[in-house]
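Trainee: I would like to learn how to read a model of this kind with some care. Could you take me through its features one at a time, giving the general idea and then the case at hand?

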Amino acid sequence: MNMLAARAPWLARAVQSRDFVPLIMLAFTALLVVAPLTMILLATLTPDGQAAWQAVTNSPLSRNLWWRPLGNTVILGIGVTIGSVLLGGFLAWLIVLTDVPMRRFLAVMSILPFMTPSFASALAWATLFRNERIGGQAGYLASNGIPIPDWLAWGLVPTLIVLIAQFYSLAYTLIAASLSSVSGDLVESAEMAGAKRGRILFGIVLPIVTPALISGGMLAFAGAVSNFAAPALLGAPVRMQTLSTRIYGMVQTGNIERGYVLALLLMIAAAALLYFSDRFVSGRRAFVTVTGKGTRTKRFALGRWRWPLFVFATAIGVITTIVPIVVLFASSMAPRPGVLFSNWTLHYWIGQGGTQIAEGQAGIFRNPHLIDGIFTTIRLGLTVAACAMVVGLMIAYTIVRYKASPYTRLLSQLSFVPLFIPSIAMAAAYIAMYGTSLGPIPALYGTFILIVMAATANLMPYAVQSGRGVLSQLSADLEESARLTGAGPMRRMMEIIVPLAIRGIMAGGLLVFVKIVRDLSLVVLLFSASTPLLSMIAFQYASQGFMQFANAVTLLILVLCLLASFLAHLLQNKVQKWKKT
Amino acid sequence: MKHHLKMALSSVLLGAAALFTAPAQAQDFDTMTAEELLPHALEEGKVTILSLSSRIAQIKTSFEEKYPGIEVEAVHLNSTRQIARLQAEQRAGIYAVDVLYMSETPVVYRDLLPEGMVEAFIPARVKADVPEALRENLLTHRLSTRALMYNEAAHPDGSPIENLWQLTTPEWRGRVLIDDPTQRGETLDLLVEIALNADAMAEAYEALFGEAIEVDRDLEGAGEQFIRDLFNNDVVMINDTQTLRSAIGLISEGAKPVGFMTYSASRNNERDGMALQISNDTVPAAGILFPTVLALGKNAPNPAAARLMIDYLMGDDSPTGGTGFEPFAVQGDYAARRTIVDHPDAIPFDDLNLWLIDPERTGQARQRILDLVIVLQ
């Protein structure tokens with residue numbers, strides 16, 4: 001550093017400045033995120049793009065193209081955020097901090113919904129609640145004599161419920177990770193000081209997990225706002241459009257500029273909302289709790305509420321998890337669509353080809369691409385999860401440690417943007433940017449690296465948010481002591497920060513893994529060969545009208561996600577040994 | 001050392017030779033037969049095809065069997081994604097695609113063809129078998145449909161819809177199903193075609209209601225009026241193909257709605273316990289036929305193998321078209337080569353009461369109809 005100071009004083013000053021790290025991270029984010037954003041912006045400045053701005057913002061179309069979808073989107077976003085945080089927070093509290101029976105079981109039930117694709121939940125809803133609006137066969141409830149009004153069968157209400165049922169588990173994952181770091185000491189001291197339970201919950205626990213609540217809420221918001229399947233399936237019969245169905249539609253019908261304009265406006269709207277929530281969090285006192293002393297988490301005794309609350313939590317899990325999975329499972333076994341629970345056959349899983357069933361298609365386990373697909377999917381999922389978490393952790397660390405820098409807020413906002421970029425635009429930008437060699441960067445087109453880069457950028461928000469939730473509680477004292485004893489930054493990261501934050505990191509890695517394994521709309525565009533990925537195989541079956549096969553593959557993806565979460569759990573226990581005794 | 005030098009020199013010479021002969025060859029390739037293309041294709045050793053149909057996997061197997069030494073890289077990608085990918089690639093100066101097998105022709109003819117991003121190739125041997133309208137620009141491989149379908153079990157005496165305008169009457173209020181035309185190009189093209197056939201729609205109106213149609217001032221013609229009346233008659237949109245099919249087609253009690261979908265949806269009737277049937281006698285037409293085309297990518301890296309692939313996909317001279325066409329022969333789709341016979345269970349091509357879209361004209365009118373639908377939603 002001294003040498004540097006002598007040779008290039010300006011550089012030394014820059015390095016020592018509090019803005020240095022944020023600026024480096026900002027530059028990094030720019031490469032991954034600002035590039036596609038710029039491409040979108042440029043596309044809307046062409047003559048076609050200007051016409052699109054006009055059509056969207058100031059024409060007879062504006063009402064149906066922008067304002068009404070915006071209204072629906074905002075209602076969905078806010079509703080899902082509140083619902084998910086309340087439900088996820090309640091479950092996290094119940095499972096981590098109380099003596100409710102069968103906590104392991106409840107924990108598994110609570111992470112499952114995030115792994116169920118939203119189209120499955122939407123279809124499950126329609127199977128049960130479908131009414132005479134679309135003619136043909138009525139849903140399960142209607143055919144049993146329970147009249148279902150339109151508002152409960154289609155539109156905003158069912159979409160809201162289906163999305164909450166999916167995203168509460170995301171909030172749960174983040175909040176539970178944060179709650180598990182609430183040290184028993186704090187609770188015990190409060191108890192000794194004579195604080196009542198309610199006081200401990202609202203005075204100690206809640207403030208500590210606020211960052212995780214906000215992170216979970218923000219992700220639920222972004223997830224709800226950008227979700228396509230649920231509003232497309234449940235909203236169409238009553239002509240409900242959201243911004244994401246509009247963006248999808250504009251791209252599909254060859255009006256890509258309008259899609260881009262809507263995406264940009266959506267980003268601005270979301271940024272405005274998130275800006276205020278960000279201010280709200282940064283304005284609060286910061287709590288530092290994870291000190292590594294790590295007494296075992298102290299559990300509240302629920303008393304006579306133990307079993308009623310258990311039943312309630314189980315009911316939530318059954319309704320949001322088991323029902324969609326059963327519908328998915330049944331439709332992978334039922335020879336006829338719409339008649340789910342009779343004449344089950346295993347043909348679609350293991351049947352031989354060349355029979356009368358399914359135009360001679362063999363079961364999925366006889367598809368030679370399937371095994372390949374499983375491994376390619378796992379490889380991609382793990383690589384992207386690892387990359388995203390490294391990047392996410394670095395950005396989260398910067399955001400938390402360099403709060404004072406003006407660049408930090410920009411970084412925090414930028415890291416959120418990818419959730420709103422339509423995948424087709426993201427992929428196109430990556431082809432344009434990194435397709436040909438650029439200075440020292442060789443042409444990455446068609447390589448695994450490019451796919452991983454795009455996927456990492458796309459899922460960065462999940463990684464950053466889950467990193468933030470946990471890191472914001474890490475005590476700087478420990479790091480300071482390590483630095484004083486001569487540990488370098490890498491060593492401090494690996495031996496202090498990572499072990500303490502492992503649950504948050506694992507939770508985040510799992511979210512990324514699940515996202516990438518389940519939904520590959522972005523990656524498909526970048527694959528140059530017919531590399532089989534499970535979600536592509538499912539899509540191929542579905543596009544040929546073989547829904548049973550598609551559902552079977554979707555279930556397989558679910559199993560893969562479950563295995564991953566199980567492994568993450570094992571690993572985390574291994575690292576956090578002190579929690580065991 | 002000397003050896004290396006010789007190698008380097010000869011490869012430079014070879015490269016130079018290739019450079020000089022390449023343009024001339026590309027020209028010649030267009031007139032070559034499969035046999036003449038083969039040695040050049042073998043030299044290239046590879047062909048990359050983007051396909052909207054996942055059945056391309058079967059083509060990969062049979063093509064590599066027939067032409068060992070040429071590896072097929074088959075990427076299953078819907079038309080919208082193919083267009084996005086090709087544009088992004090070529091703008092970055094990457095020419096990686098040999099063959100595109102795609103629909104969404106109104107967008108292809110508007111955004112790709114005028115820019116020269118895709119090129120036509122029509123094997124001389126099939127030219128006579130393909131009607132001229134199906135090879136004016138790009139070569140049509142097969143025709144798919146979007147047509148009015150009804151439940152044959154609920155209406156054993158034939159379709160309840162004899163005239164499209166019935167769909168705008170109170171009897172069918174809320175009982176016509178369609179997938180969202182602002183999200184599906186094919187459905188939008190169906191509405192565009194109805195709008196373009198304004199005279200036929202006006203005639204049909206008079207035939208049903210006994211008086212001449214009055215078109216709203218802001219609309220152009222009877223077809224656009226039909227679209228407005230249909231939406232104001234509470235047309236129901238469903239975005240899930242499976243749900244759409246079973247709502248109309250399942251054999252069960254009760255009144256059944258009617259709706260627009262692909263005619264080939266009826267091919268699994270028996271398997272799925274359904275009774276979907278095309279309402280072919282409806283006037284003025286039951287729907288549209290739209291092309292799926294084969295095109296070369298600009299500067300295709302394997303120009304000979306690319307042409308060989310297109311030649312193969314057009315099928316042989318047998319009634320089924322052989323291994324190159326068979327995977328795509330399904331009930332309700334029609335081969336562009338009229339030597340390939342129609343599926344025995346489907347209505348013969350010549351008896352179809354469907355409008356054949358003109359991609360260029362459709363492309364020009366698409367925006368206006370899309371905007372009309374957006375306002376009506």
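This is a predicted model: local features need pLDDT of at least 70, side-chain atom pairs count only at pLDDT 80 or more; totals for chains, interfaces and linings use all residues.

Trainee: Why does Trp344(A) count as partly exposed?

Mentor: A residue is buried if 20 or more other C-beta atoms, placed from the backbone, lie within 10 Å of its own, exposed if 12 or fewer, and partly exposed in between. Trp344(A) counts as partly exposed because it has 13 C-beta neighbours inside 10 Å.

Trainee: Which residues is Trp344(A) in contact with, leaving aside its neighbours within four places in sequence?

Mentor: Two residues are in contact if their C-beta atoms, placed from the backbone, lie within 7 Å. With those neighbours left aside, Trp344(A) is in contact with Met333(A) and Ala334(A). Ser331(A), 13 residues from Trp344(A) in sequence, is 9.1 Å from it in space, C-alpha to C-alpha.

Trainee: What does the secondary structure of chain A come to?

Mentor: Chain A has 26 helices and zero strands, and 51% of its 581 residues count as buried. Among contacts in chain A between residues at least 6 apart in sequence, 77% join residues at least 24 apart.

Trainee: Which residues of helix H19 (residues 406-414) of chain A are buried?

Mentor: In H19(A) they are Thr408(A), Leu411(A), Ser412(A) and Leu414(A). They lie on the same side of H19(A) because they cover an arc of only 165° around the axis, the arc being that of the directions from the helix axis to the C-beta atoms.

Trainee: What is the mean pLDDT of chain B?

Mentor: pLDDT is the predictor's confidence in each residue, from 0 to 100. The mean pLDDT of chain B is 90, and 93% of its residues reach 70 or more. Over residues 5-9 of chain B, however, the pLDDT is below 50, and this stretch has zero contacts in the model beyond near neighbours in sequence. Residues 11-24 of chain B also have pLDDT under 50, with zero contacts beyond four places in sequence. As for the model's scores, ipTM is 0.85 and pTM is 0.87.

Trainee: How many residues of chain B are in contact with chain A?

Mentor: On the side of chain B there are 48 residues, in contact with 45 residues of chain A. The largest share of that side of chain B, seven residues, comes from H4(B). By class, the side of chain B that touches chain A has 21 nonpolar, 15 polar and 12 charged residues, where Ala, Val, Leu, Ile, Met, Phe, Trp, Tyr, Cys and Pro count as nonpolar, Asp, Glu, Lys and Arg as charged, and the others, Gly among them, as polar.

Trainee: Which strands pair with strand E10 (residues 287-297) of chain B?

Mentor: Two strands pair if DSSP finds at least two bridges between them. Strand E3 (residues 99-102) of chain B pairs with E10(B) in the antiparallel sense over four bridges, with Leu296(B) as the bridge partner of Val99(B). Strand E4 (residues 118-119) of chain B is also antiparallel to E10(B), over two bridges, and strand E5 (residues 139-151) of chain B runs antiparallel to E10(B) with eight bridges. Strand E12 (residues 354-356) of chain B, by contrast, runs parallel to E10(B) and is joined to it by three bridges, Gly287(B) standing opposite Leu354(B).

Trainee: Why is E10(B) described as largely enclosed by the rest of the structure?

Mentor: 11 of the 11 residues of E10(B) are buried, so this strand is largely enclosed by the rest of the structure. Helix H11 (residues 303-313) of chain B is likewise largely enclosed, because 11 of its 11 residues are buried, including Arg307(B) and Asp311(B). Just after H11(B), Gly315(B) takes a positive phi of about 80°.

Notes: Residues are numbered from 1 along each chain as its sequence is written. Chains are lettered from A and ligands numbered from 1 in the order in which they are written.
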